[in-house]
Amino acid sequence: MFGRVRDWLEDRKLARLPVTRAQWENAIAGWPVAARYQGADRERLFDLTRRFLVRKEFAAGGEFTVTDDMQLLIATMAVVPVFGLGLDWYDGWYTLIVYEDTFVTPDNEMDEFGIVHDAGRELAGEAWLQGPVILSWGDVLESGGEDGYNVVLHELAHKLDMRREGPNGAPPLHAGMDPQRWHDVFTEAWQALERAEQGGEPFIDPYALEDPGEFFAVATESFFQSPAHLRQVLPALYEQLSLFYRQDPAA
């Protein structure tokens with residue numbers, strides 16, 4: 001009953017949402033990943049983007065102005081990870097705060113891992129358990145290159161990871177997926193990246209080695225931004241992410 005009422009209210013909000021297909025297409029034209037979704041998949045991507053916009057709220061950090069086109073691009077990036085999962089995977093939080101550029105956290109702030117930092121940290125993005133996602137628009141614009149970087153995919157991967165025991169690199173897996181296999185594959189990938197970094201040739205962003213949660217988030221960026229590369233260098237990891245996200249972007 002509650003689900004039907006929510007869907008009815010959401011459909012009413014969608015009917016009033018002043019977003020045209022042409023406006024959306026223009027806003028996402030510069031993001032190569034979006035071109036991967038064509039035909040019925042593109043229709044679904046547009047629908048999910050609009051539904052994301054009515055479920056979430058965008059707020060400006062500082063005196064920055066967040067335009068409609070900015071919201072459309074960020075929302076589209078955000079729904080790509082849940083394209084095969086559904087928007088309900090983003091339940092429990094409501095706000096995205098967008099700063100013009102990198103932002104500095106307050107002194108003595110406790111982060112999402114429970115660590116208190118004496119001095120503020122300069123960040124491109126941050127995701128809080130049951131709290132907002134915070135993004136730097138300057139870094140959103142850096143997304144889409146061959147290096148696999150995408151701050152929106154990174155922070156939204158943290159949100160998915162947080163659905164089970166916090167940001168520890170072990171999101172809730174689907175029926176039929178083997179948690180031990182997931183653990184073993186990610187451990188082997190971690191060790192391979194450590195060896196590659198020591199040799200001066202890391203194959204994905206070595207920031208992944210900060211902790212398991214960051215490894216999952218960086219791997220997610222690479223999975224969607226440069227899937228053929230990830231499948232080549234870490235085929236077992238690519239397979240696990242494909243099973244989890246229920247997508248095969250390298251196909």
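## Around isoleucine 28

Start with isoleucine 28, which is in contact (heavy atoms within 4.5 Å) with Ala34, Arg42, Leu72, Leu73 and Thr76, leaving aside its neighbours within four places in sequence. This is a predicted model, so local features need pLDDT of at least 70 and side-chain atom pairs count only at pLDDT 80 or more, while totals for chains, interfaces and linings use all residues. Residues are numbered from 1 along each chain as its sequence is written, and side-chain values use heavy atoms, with hydrogens and water left out.

Where does isoleucine 28 sit? You'll find isoleucine 28 in helix α2. Helices here are DSSP runs of H or I with at least four residues, strands are runs of E with at least two, and both are numbered from the N terminus. Isoleucine 28 has a relative accessible area of 1%, so it is buried. For the cut-offs, buried means under 20% relative accessible area, exposed means over 50%, and partly exposed lies in between, using a 1.4 Å probe and protein chains only. Alanine 236 is 208 residues from isoleucine 28 along the chain, and their C-alpha atoms are separated by 31 Å.

## Helix α2 against helix α4

Two packed helices are described by the angle between their axes and the distance between the axes. In this model, α2 (residues 21-28) packs with α4 (residues 68-79) at an angle of about 75 degrees, and their axes are 9 Å apart. That makes α2 roughly perpendicular to α4. Axes are lines fitted to C-alpha atoms, for helices over the stretch in contact, and angles run from 0 to 180 degrees between N-to-C directions. As for the wording, angles under 35 degrees count as roughly parallel, over 145 as roughly antiparallel, 65 to 115 as roughly perpendicular and the rest as oblique.

Which residues do the touching? From α2 come Gln23, Trp24, Asn26, Ala27 and Ile28, and they meet Asp68, Asp69, Leu72, Leu73 and Thr76 in α4. The residues of this contact of α2 with α4 sort into 5 nonpolar, 3 polar and 2 charged. Nonpolar covers Ala, Val, Leu, Ile, Met, Phe, Trp, Tyr, Cys and Pro; charged covers Asp, Glu, Lys and Arg; the others, Gly among them, are polar.

## Helix α7 against helix α10

Here's another helix pair: α7 (residues 179-198) and α10 (residues 235-245) have axes that come within 9 Å and cross at roughly 140 degrees. The two helices are therefore oblique to each other. Their crossing is left-handed, meaning that the near helix is turned anticlockwise from the far one by less than a right angle (clockwise would be right-handed).

On the α7 side, Arg181, Trp182, Val185, Phe186 and Ala189 meet Ala236, Leu237, Glu239, Gln240, Leu241 and Phe244 in α10. By class, that contact of α7 with α10 has 8 nonpolar, 1 polar and 2 charged residues.

## The four-stranded sheet

Now for the strands: an open sheet of 4 strands has the order β1-β2-β8-β7, with mixed pairing. Two strands pair if DSSP finds at least two bridges between them. β1 (57-60) and β7 (125-127) stand at the edges with a single partner strand each, so one side of each has no neighbour in the sheet. Neighbouring strands of this sheet are turned by 20 degrees against each other on average, direction ignored.

Going across, β1 and β2 run parallel and are joined by 4 bridges, with glutamate 57 opposite threonine 95 in β2. Then β2 (residues 95-99) and β8 pair in the parallel sense over 4 bridges, and valine 98 has leucine 135 in β8 as its bridge partner. β7 and β8 (residues 133-136) run antiparallel, joined by 3 bridges. In this pair, alanine 127 has valine 133 as its bridge partner, and glycine 125 stands opposite leucine 135. The hairpin of β7 and β8 has 5 residues between the strands, and glutamine 130 there takes a positive phi near 55 degrees.

## Covered and uncovered faces

In a regular strand the side chains alternate between the two faces of the sheet. β8 is covered on both faces, with Val133 and Leu135 buried on one side and Ile134 and Ser136 buried on the other. β2 has a covered face, Leu96 and Val98, and an uncovered one, Thr95, Ile97 and Tyr99.
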